[in-house]
Amino acid sequence: MNRISQSYCLRLVLLGLFFSHSPAAFSEAKPLARIAVVDSDRILRESAAIQQAQQQLEQEFSGRDHELRKIAQRVQSITEKLNKKGDDLPDVKRSAMQTELAQLNADFQRKQHEFNEAFNQRRNEKIAAVVDDANRVIQKIAQADQYDLIVQEAVYFNPRIDITDQVLKALAEPGFAQKINARP
């Protein structure tokens, strides 16, 4: 068989396979998968639970923040006195002020480091709680609306498949906000 007749036979076989299926066979084809997208960044910016968690963190850490501000003001006050009157002060008094300044500065640095670590840990716990709740909501939506796949990170997506508003609405229901605040 030459090359032309092989190509012709292959085309006939393919056409035969294509036309051998009845239109009914095509109508029995499985439907396309249902896909949706959730913008995780938007959830972490806009959800009521995140906003309430932020307010709770501010209240929880306001006392420590106030204490840090008082120490910083004291450091600034002593520094200004030393800069303005340091040369005129007796050596003993200037030395005592410099020692106090060094101790206050070290205390401030230590307390600020502890504050930042504790704040970041609590913030991460709150964010993790919101992410867990959001994931549970997404799973419930997927089951209820029979989605086959829900993607949380995408380079591009068509807005018609975005269900972020639906997730935000579910997270805003009274039970979710109270649940987040009740967590340690």
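This is a predicted model: local features need pLDDT of at least 70, side-chain atom pairs count only at pLDDT 80 or more; totals for chains, interfaces and linings use all residues.

**A loop and a helix pair**

Modeller: Let's start at Gln 146, which has its place in the loop between α5 and β2 (149-151). Numbering runs from 1 along each chain as its sequence is written, and side-chain values use heavy atoms, with hydrogens and water left out.

Back to Gln 146: its phi is positive, about 55°, although it is not a glycine. Most residues other than glycine have a negative phi. Gln 146 is also exposed, at 62% relative accessibility. On that scale, buried means under 20% relative accessible area, exposed means over 50%, and partly exposed is anything in between, with a 1.4 Å probe and protein chains only.

Helix α5 (residues 91-144) pairs with helix α4 (residues 48-85), their axes coming within 9 Å and crossing at roughly 170°. For that, axes are lines fitted to C-alpha atoms, for helices over the stretch in contact, and the angle between N-to-C directions can run from 0 to 180 degrees. The two helices are therefore roughly antiparallel to each other; angles over 145 degrees get that label, those under 35 count as roughly parallel, 65 to 115 as roughly perpendicular, and the rest as oblique. The residues of the α4 contact with α5 split into 20 nonpolar, six polar and 14 charged. Nonpolar covers Ala, Val, Leu, Ile, Met, Phe, Trp, Tyr, Cys and Pro, charged covers Asp, Glu, Lys and Arg, and the others, Gly among them, are polar.

What about the charges? A salt bridge here is a side-chain nitrogen of Lys or Arg within 4 Å of a carboxyl oxygen of Asp or Glu, and that rule gives eleven of them. One is Glu 60 with Arg 122, at 3.0 Å from N to O. Glu 60 sits in α4 and Arg 122 in α5, so this pair ties together parts that are 62 residues apart in sequence. Glu 60 is partly exposed at 38%, while Arg 122 is buried at 14%.

Then there's Glu 67 with Lys 111, N to O at 2.5 Å. Again the partners lie in α4 and α5 respectively, so the bridge links parts 44 residues apart in sequence. Glu 67 is partly exposed at 34%, and Lys 111 is partly exposed at 22%.

Through shared partners, salt bridges join Glu 67, Asp 107, Arg 110, Lys 111 and Glu 114 into one network.

Also in α5 is Gln 112, partly exposed with a relative accessible area of 30%.

One more stop: Ser 40 is in helix α3 (residues 40-46) and is buried, at 17%. Contact means heavy atoms within 4.5 Å; leaving aside neighbours within four places in sequence, Ser 40 is in contact with Gln 152 and Glu 153.

And the whole thing? The protein has seven helices and two strands, in the order α-α-β-α-α-α-β-α-α. Of its 184 residues, 26% are buried. Among contacts with a separation of 6 or more, 81% come from residues 24 or more positions apart. The accessible surface comes to about 13500 Å², with 54% belonging to carbon and sulfur atoms; those areas are from the Shrake-Rupley method with a 1.4 Å probe, and for residues only the protein chains shown count as cover.

Methods. Helices (H or I, at least four residues) and strands (E, at least two) are DSSP runs, numbered from the N terminus.
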